[in-house]
Number of protein chains: 2
Amino acid sequence: MFSGYLGELVQQLKKLPGIGNKSAQRLAMHLISGDKNKALLLAESIQNAVENITNCSICNMLSESDPCEFCADTARHKNFLCVVENTQDIYLVENTHEYHGRYFVLGNLLSPLDGIGPDEINFPLLLDLIRKDGIEELILALNPSAEGESTINYIASQLEETSTNITRLSTGLPFGGDIEYTNSITLGNALKRRYSVNN
Amino acid sequence: MFSGYLGELVQQLKKLPGIGNKSAQRLAMHLISGDKNKALLLAESIQNAVENITNCSICNMLSESDPCEFCADTARHKNFLCVVENTQDIYLVENTHEYHGRYFVLGNLLSPLDGIGPDEINFPLLLDLIRKDGIEELILALNPSAEGESTINYIASQLEETSTNITRLSTGLPFGGDIEYTNSITLGNALKRRYSVNN
């Protein structure tokens, strides 16, 4: 339906996650119909972000600086390392205000069927960091999915002989959840990990 | 939560229609996490589209060429002019394969409360075109909304003294619609405009 520069723009927008054909057309028309400077500002901010944001050489987080703000922050507990799948997850953990240690970004979860093995999750870099900095507790803040479980199991097995305490996020009912609408695996986990009310 | 170039990118993405805070963050992370060249291609296609697409000086359609493909197409019926709100609507009408005349893009519908008067809907340009080209039928393919009705009434009143036949899209039940779920205005219109089965 759209051709030329407009068609090209629609094609590029369609590659974004969650943007289908109709949305891409609507966004493209919005960009060319409105204030041209606004559209150019968006183009410029994409370029700036892509050209100036890189991976922290210590923790692999996407950051404007290397080392990133968390690795450079001397006030953070150096002996705690929270392992997350991607940079976004760091901000989610930060928002809880429950953690003040450092982070490590895997970039992926293990998924042999998709060709994602130990090298694709930056495990060698993680191992270096643990050996060099003497991590006391390694918190695996990964999704409770098949890939997350494999990754947790792999990391735990590889670190068996170190003295690092390896922990993972609790599983159970989400806050505000309703038992009636909870799937049986979640409910099973919540039962298995039940704890004393007086604790 | 996000700062610097990433924060700026999130801000710019949030300005797009239908993109909230969460979506903007997801899109921004996608752009900086994936293949950098893909993200730069998107930025480039925004720039190309914005810089190369302009309004056709005859029909006001957003187009790479001036006159646009429809105004330049001599095979189109010159005496039929279909008036639409925006460029997208042209493609929707084209997709019906029911129309082979020319188009005119108003850009807006009349909405005095939003400060959109006759000058904002390019009426002077439309009037010029009608006078110059001797339009036989002017089809007002506008939304059946309050703004659409005002615009239809305004255009019709202004052209009262010309010999142009002014028509509008039929109103009634949408194809595949269900009377049970049809609002009473639509059903009323369908009743008012009922036609003979043998027609």
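What follows is a short chat about helix contacts, sheets and a few backbone details.

Visitor: Before we start, what kind of model is this, and what pLDDT do local features need?

Guide: Residues are numbered from 1 along each chain as its sequence is written, chains are lettered from A and ligands numbered from 1 in the order in which they are written, and side-chain values use heavy atoms, with hydrogens and water left out. This is a predicted model in which totals for chains, interfaces and linings use all residues, side-chain atom pairs count only at pLDDT 80 or more, and local features need pLDDT of at least 70.

Visitor: How do helix α3 of chain A and helix α3 of chain B run, roughly parallel or roughly antiparallel?

Guide: Helices and strands here are DSSP runs numbered from the N terminus (helices H or I, at least four residues; strands E, at least two). Both α3 helices span residues 36-52, and they pack at about 160° with their axes 9 Å apart; axes are lines fitted to C-alpha atoms, for helices over the stretch in contact, and angles run from 0 to 180 degrees between N-to-C directions. Under 35 degrees counts as roughly parallel, over 145 as roughly antiparallel, 65 to 115 as roughly perpendicular and the rest as oblique. That angle makes α3(A) and α3(B) roughly antiparallel.

Visitor: Which residues of α3(B) meet α3(A), and how do the residues of the contact divide?

Guide: Contact means heavy atoms within 4.5 Å. On the chain B side, the residues are B:Lys36, B:Ala39, B:Leu40, B:Leu42, B:Ala43, B:Ile46, B:Gln47, B:Val50 and B:Glu51. Ala, Val, Leu, Ile, Met, Phe, Trp, Tyr, Cys and Pro count as nonpolar, Asp, Glu, Lys and Arg as charged, and the others, Gly among them, as polar. The contact of α3(A) with α3(B) divides into 12 nonpolar, 2 polar and 4 charged.

Visitor: What is the handedness of the crossing of α1(A) and α3(B)?

Guide: Helix α1 (residues 4-14) of chain A packs on α3(B) at about 150°, with the axes 9 Å apart, and the two are therefore roughly antiparallel. The residues of α1(A) that meet α3(B) are A:Tyr5, A:Glu8, A:Leu9, A:Gln12 and A:Leu13. A crossing is left-handed if the near helix is turned anticlockwise from the far one by less than a right angle, and right-handed if clockwise. The crossing of α1(A) and α3(B) is left-handed.

Visitor: On to the sheet in chain A: which are its edge strands?

Guide: Two strands pair if DSSP finds at least two bridges between them. Chain A has an open sheet of 4 strands, paired in parallel in the order β4-β3-β5-β6. Each edge strand pairs on one side only, and these are β4 and β6.

Visitor: How is the β-α-β crossover from β3(A) to β4(A) handed?

Guide: β3(A) and β4(A) run parallel and are joined by 5 bridges, with A:Cys82 opposite A:Tyr103. With the strands pointing away from the viewer, a crossover is right-handed if the path from the first strand over the helix to the second runs clockwise. The chain gets from β3(A) to β4(A) through helix α5, and this crossover is right-handed.

Visitor: What is the bridge partner of A:Leu140 in β6(A)?

Guide: β5(A) pairs with β3(A) in the parallel sense over 4 bridges, where A:Leu140 stands opposite A:Val83. β5(A) also pairs with β6(A), again parallel, over 4 bridges. In β6(A), the partner of A:Leu140 is A:Arg168.

Visitor: Which strands of chain B does helix α6 lie across?

Guide: In chain B, an open sheet of 4 strands has the parallel order β4-β3-β5-β6. Helix α5 lies across β3 and β4 of chain B, at about 155° to β4(B). Helix α6 (residues 123-133) of chain B runs at about 165° to β3(B) and lies across β3, β4 and β5.

Visitor: And the backbone: where is A:Pro67 found?

Guide: The peptide bond from A:Asp66 to A:Pro67 is cis, with omega near 0°. In chain B, a cis bond joins B:Asp66 and B:Pro67, with omega about 5°. As for A:Pro67, its place is the loop between β2 and α4 of chain A.
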